[in-house]
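Please read the model below with its sheet, its helices and its cores in mind, taken one after another.

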Amino acid sequence: MKIFVPRDAAARSVGADEVAERLLAAAERAGVEIELIRNGSRGMLWLEPLVEVETPEGRVGYGPVAPEEVDGLVAAGMLNGAGEHLGVVEELPWMVRQQRLTFGRVGVIDPRSGDEHAEYGGNEGLRAALGMTPAEVVEVVVDSGLRGRGGAGFPTGIKWRTVLGAESDLKFVCCNADEGDSGTFADRMLIEGDPFTLIEGMTIAAYAVGATEGYVYLRSEYPDAIETLNAAIVTARERGWLGDDILGSGLTFDLHVRVGAGAYICGEETSMLESLEGKRGMVRAKPPIPALEGLFGRPTVVNNVLSLATIPTILANGAAAYAAYGMGRSLGTNVFQLGGNIARGGIVETAFGITLGELVNELGGGAASGRPVRAVQVGGPLGAYLPVEEFGLPMDYESFAAAGAMVGHGGIVVFDETVDMSEMARFAFEFCAEESCGKCTPCRVGAVRGVETIDRIRNGEDRQKNLVLLDDLCDLMTDGSLCAMGGLTPLPVRSAVRHFGEDFHK
């Protein structure tokens, strides 16, 4: 009998480890032999710890399961899939609405088992890639329409094509796993729930562009992800999935984890590269771009976790199969993260084109407080605030850009009617002032002046004059900042003023 209890950090934070221990003890007392598997999370975080039991009908779920409830559930027949349960997990409405490609194995397999990775289709993408020329692999990625999931949405294949064409005796693949945006946790969940897929995606990238070394820049706030990924890398080396002569192909590529020190700015690719080189994380001026002069001045692929983890399914199933999902220029699926004041928070992987309202109200169940939703912020702390009137927006890059917003990393943070949007606008400047690398004046000084200006507006001092000054300051930061830290900070500020102007006239 197989019993699944997540090892994901979110599940562990609410007692999953104790639930697992009590299940083993209860099974022993009952004289029932079970195989306890610590899987990743399915992403239904309001149901964690979610215990799954394998039955002839499929894996049925019980959740949320508190440690003190285990004995009662076992007595009611849980170990045989009996008693009161949620039903077959794959058939729950939350799961049925999704198209899980990047997250296809997360929550299904033991993330530390190389055998299960291979059994559930692991390395099929890598084997397919090794049967092509590097240039052919790049063109498959181009044709798939995959765009960067780190925020900017730049076409992944175009970046790879640039690195492939660059002349150098040494090239790198770097994964930016410094997931610092508010309301984002998909990178962590992927690494904790299916680390071999990230390794496979980076290996395919290395083959495609001619790189021999790879680095995952992983934030220090994710100790479980760090431990899981390091364990997976050891296993991959032992199985010949990393190192010399990968899968007998002659490909040499090895991978290393580097842990960040808590700087939000290192989520920006050039700051991350500076940190990887042992320097203070500060933004580089562009050009040159990292694809030509990246880590240690060599051509470097820099992609986000979700971008690289999507590569194996594209190579395994073909560009056309992936591009069949989505809309317009936003092809494939994206992993949306529902957080903040929301009834059902978690991970939703679905094709681009689902509306913001469907995610928040239908899948997310509205505000956890039971009050009406007033605003959502999409794309992290530098993303725009959107009112409920914009809930018909399809989740795709172009639609959001036209509405003065951005999809970013796919994080969606919900606020109910009690939120003060002038306070949220102030927070945007305050956050920028705290996290700026300090290299450019518009960001370093502009954010501080922004806090002061909004304080005057909130205090009723020359309100109209200061609103004009605020708009001028936003223009300066947008046009003059070196990177998105200062350049995008005006986005939440202006959207708050535009959609919730009454909060600035109290």
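Two strands are said to pair if DSSP finds at least two bridges between them. With that in mind, and remembering that this is a predicted model, one may begin with Cys-175, which stands opposite Asn-303 in strand 10. Strand 10 covers residues 300-304, runs parallel to strand 6 and is joined to strand 6 by 5 bridges; another of the facing positions is that of Phe-172, opposite Thr-300. Strand 7 (residues 213-218) is also parallel to strand 6, with 6 bridges between the two, and here Asn-176 stands opposite Tyr-217.

These pairings belong to an open sheet of 5 strands, whose order is 8-9-7-6-10 and whose pairing is mixed. Its edges are strand 8 (243-246) and strand 10, each of which pairs on one side only. On average, and with direction ignored, neighbouring strands of this sheet are turned by 25° against each other. Across strand 7 and strand 9 (251-259) lies helix 11 (residues 223-238), which runs at about 160° to strand 9.

Which way do the side chains of a strand point? In a regular strand they alternate between the two faces of the sheet. In strand 6, Phe-172, Cys-174 and Asn-176 point one way, while Val-173, Cys-175 and Ala-177 point the other way, and all are buried. Strand 6 (residues 172-177) is thus mostly covered, with 6 of its 6 residues buried.

Just after helix 7, Gly-145 takes a positive phi of about 80°.

In soluble globular proteins, nonpolar side chains tend to be buried together. The largest nonpolar core here has 59 residues, of which Phe-103, Trp-160, Val-173, Ile-199, Met-202, Leu-218 and Leu-315 touch the most other members. Helix 10 (residues 195-209) gives the most to this core, with 10 residues. Apart from this core lies another, of 45 residues, among them Tyr-385, Cys-437, Ala-447 and Val-493. As for Phe-103, if its neighbours within four places in sequence are left aside, this residue is in contact with Ala-186, Met-189, Leu-190, Leu-306, Val-335, Ile-347 and Glu-349.

Methods: Residues are numbered from 1 along each chain as its sequence is written. This is a predicted model: local features need pLDDT of at least 70, side-chain atom pairs count only at pLDDT 80 or more; totals for chains, interfaces and linings use all residues. Side-chain values use heavy atoms; hydrogens and water are left out. A nonpolar core is a set of buried Ala, Val, Leu, Ile, Met, Phe, Trp, Tyr and Cys residues joined through side-chain atoms within 4.5 Å. Buried means under 20% relative accessible area, exposed over 50%, partly exposed in between (1.4 Å probe, protein chains only). Helices (H or I, at least four residues) and strands (E, at least two) are DSSP runs, numbered from the N terminus. Contact means heavy atoms within 4.5 Å. Axes are lines fitted to C-alpha atoms, for helices over the stretch in contact, and angles run from 0 to 180 degrees between N-to-C directions.
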